[in-house]
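Subject: Structure for you to look at

Hello,

Here is the structure I said I would pass on.

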Amino acid sequence: MLFWGLNAFGWFFIAYAVLINTSFLVLTGLAVADFWAYLRRVDFAAYDETFAEPLTPGISILMPAYNESAGIVESVAAMTALRYPDFEVVVIDDGSKDDTSKQLIDAFDMVEVPIVVPVEIETAGHVTATYLSRRGNNNVLLVRKTNGGKADALNVGINAARKPLVCMVDADSLLDPDALLHVSRPFADDPDRVVASGGVVRVANGSDISRGRVTRVRMPNRWLPRIQVVEYLRAFLVGRTGWSRLGGLLIISGAFGVFRKDVLLELGGLATDCIGEDAELVVRLHRWLGDTGRDGRVVFVAEPVAWTEAPEDRAVLRKQRRRWHRGLTEILSKHRGMVFRPRYGMVGLVSMPWFIAFELLAPFVEVFGVAFLAVALVLMSSDALGLTDLQLVNQDVVWILLSTSLLYAVVLTLAALLIEELSFRRYRGLRDLAIAVWAALEENIGYRQMNAWWRAGGSIEAWRGTKHDWGDMQRRGLGKT
Amino acid sequence: MRTLVWVLLVALLVAAVCLVVALFGLRLGREVADRRRETRHGEVRDVILTALMGEPDEAARARADLRTRSGRGWDEVEDQAFAMVPKIKGDSHDALVTLLLSKGAAAHASTLARSRSQVRRARGAHRLGALAQSDAVSLLLGLLHDHAFLVRRTAVRALGQVGDPIAVPPMLDAVTADPRLSRDVLAAIGRTGSAAAPMLRRELLRTLSEPVDNRRAALTAVGLGVLGDVSAAPLLTVSLEDRDQPGLAVASAEALGSLGAPESVEPLLRAMADADPDLRVAAARALGSVGDVRVAPRLAGSLRDRHHLTSRAVAGALLRLGDPGLLALRASPSPYAAEALAVHRVRHGG
């Protein structure tokens, strides 16, 4: 009986591993098709001509900031140097306790100006002052407000935005110089249907950074960042491109996403009662499209890159992953009514069920799977050493489980590296490749299991309903490592 | 069962090893290839630049060198030359196009444009546009019906570079069939220049009598504004009153603003009372562009518009009207007036 029970568990974990990895293999195939099409058309995309065209939509870049004194000036300076014909940078200081605002006011020669910030979206915090830069194109606007959280700061930013498109970036994101040109292209190509567009987020740790720009892309040496590089490649670049190709993109990263302002106003802005406000916004957007019967598209563009600093120590990474998974849990609970509803199209029928089965529940399955493997290996060893003769574990099941869960995952990560090599080739040199291949292997030994444990904790936190905050991340600072 | 385990293990291990080998092979191979290509490209680029901008004797030698190249040697020259054509102007541009034409680049581009591969068709259209030869128009017009969006887009852009106004109606047909081409068609109309204006006026007139497609109509109006076709102003003031085709009135207001036509002031002021806030915004901006200072007092009344974007657009328009506008702003209690004045001080001092 115990034998059958243990093996039934084993087969369950095998089936789960095969399904999750095969679904990712399908996404990888879709991403390949998308990259192939993208690379073939990029020569004729006429990005340079965008500057002179009358239909190029203006963009308001929203940078919510809370205690970002250390790097805010460099980040904003880099934003102002982006290549785009019509944009403004709106920094929303969410009641920082440090001198974030003063740094900006001094660096950009800002003066207090009574800019009207209409309350089109209700906000918890209120605007205390607005400042405009006297430098350059006067396109840097600082909005100071009382503390209300990141989503609240973004909502104030949406109210203050004076352009038809709104680009949300983290205060510590570094954008490629042409990032706005690329990410806004879908809006110009299909203005009636495209409502949101997201760019890819990559890990900047280890790369050379100068004046808020990534000047030379390198693999980091430290183990946590290097694993996150391949993890981001697989999950963000390949995974999201695949979902976008399928028409079921559920997440646009808060680090770099562009939305139509009128649509954000219709939606009432970002949810302030939810920790993953960026992902929640996109899910709510899909819900709104389905409920109103509008033909809208949420797209992912793999070329524009926002660089971000990945956590380098376990405590910060743990906090980040718990927060991410807590956010996902809250979102999927809040919008569970969309699941298997044909009116929400691919998102309701495929994406959300997939996210519930293979993202929300995955850490729990993985934690139990690891426990099962541990028990099985102990029993097998005990029998092999002649200490016992229980014969409770079918060794074949254990080997199949190890193959389908670990080896299959390594193959998928290597495939993601190959796609990167065939498409964007951001990393150069054999040394960096060797580090990436090593990271693809070591990701599956220890890192993944640790991650699963943290993520499971995030879900439990969400179900308990404990209080959450801005998610203040302690960073070393890009370019200062 | 045991066999299955081994097959699975071996298959996955082999896949992993193959991927690793492929990764290292590709990285090494492509980096070597990149270095070689860079060296070759550098050499070809130098010869082309010398042919275009070198001293007369050097330039003659470089041109002779380029003319003698054939096969893959010429293909490399052609690839780089086509990449350079849009980036250079004047005599150098003409010399490069002449060189390309002398080596049969137009025929090669036409062959590419008829290829079965959509990428080659797009490349062919792109090259035909760069060469800007009017005898390519019929081939490019045919590509407007291509099943591949990439090809249609490149053909529209190429037609703009050729600049033959006969292409305007077919391009508008293309945008009716696929709105994603709007921006490209507008860019092509802009490149075609004033020669496209009569076609657009005829189109707008037809649109007013028999509405066809909102986007097409709006694009026609915007196109007239882009071309700065002052003679279209009376027609645009009529289309400004059109309420049957959503978007046409807004586009007409924008176009009238671009034209700066004084006769459009009264129709634009009437549009300021329209229920559509987008039209009020467009009309306010247009009034600012037209720059008739007499409208300042009437425009100031709209600073209290219930739609805040209209109030902001009105404040911006008043700023553009100079002193009468500034006076109107100073007299207004509207927060948008205060905002505009403060922004004005930041930008212009004082």
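The notes below go from the contact between the chains to single residues.

This is a predicted model, in which local features need pLDDT of at least 70 and side-chain atom pairs count only at pLDDT 80 or more, while totals for chains, interfaces and linings use all residues. Residues are numbered from 1 along each chain as its sequence is written, and chains are lettered from A and ligands numbered from 1 in the order in which they are written.

**Between the chains**

The contact takes 38 residues from chain A and 42 residues from chain B; two residues are in contact if their C-beta atoms, placed from the backbone, lie within 7 Å. On the side of chain A that touches chain B, the elements giving two or more residues are α1 (2-41), α5 (179-189), α12 (395-422) and α13 (430-464) of chain A. The largest share of that side, 13 residues, is from α12(A). Helices (H or I, at least four residues) and strands (E, at least two) are DSSP runs, numbered from the N terminus. By class, the side of chain A that touches chain B has 25 nonpolar, two polar and 11 charged residues. Here Ala, Val, Leu, Ile, Met, Phe, Trp, Tyr, Cys and Pro count as nonpolar, Asp, Glu, Lys and Arg as charged, and the others, Gly among them, as polar.

**The core**

The largest nonpolar core has 234 residues, and those touching the most other members include A:V90 and B:A253. Such a core is a set of buried Ala, Val, Leu, Ile, Met, Phe, Trp, Tyr and Cys residues joined through C-beta atoms within 7 Å. A residue is buried if 20 or more other C-beta atoms lie within 10 Å of its own, exposed if 12 or fewer, and partly exposed in between. Leaving out residues up to four places away in sequence, A:V90 touches A:M63, A:L141 and A:A160, among others.

**Helices and strands**

In chain B, helix α14 (residues 248-259) packs against helix α16 (residues 277-290) at an angle of about 10°, with the axes 7 Å apart. Axes are lines fitted to C-alpha atoms, for helices over the stretch in contact, and angles run from 0 to 180 degrees between N-to-C directions. α14(B) and α16(B) are therefore roughly parallel to each other (angles under 35 degrees). Their contact has nine nonpolar, three polar and three charged residues; B:A253 is one of those on the α14(B) side.

In chain A, 10 of the 10 residues of strand β8 (residues 194-203) are buried, so β8(A) is largely enclosed by the rest of the structure. β8(A) pairs with strand β11 (residues 256-260) of chain A in the antiparallel sense over three bridges, where pairing needs at least two bridges found by DSSP. A:G198 has A:G257 as its bridge partner in β11(A).

Most residues other than glycine have a negative phi. A:D109 has a positive phi, near 50°, and lies in the loop between α3 and β3 (110-112) of chain A. With 15 C-beta neighbours inside 10 Å, A:D109 counts as partly exposed. A:F340 has a positive phi near 60° and is in the loop between α9 (314-334) and α10 (345-360) of chain A. With 11 other C-beta atoms within 10 Å, A:F340 is exposed.

A:T123, in the loop between β3 and β4 (127-133) of chain A, is buried, with 24 other C-beta atoms within 10 Å.

Regards

Notes:
Angles under 35 degrees count as roughly parallel, over 145 as roughly antiparallel, 65 to 115 as roughly perpendicular and the rest as oblique.
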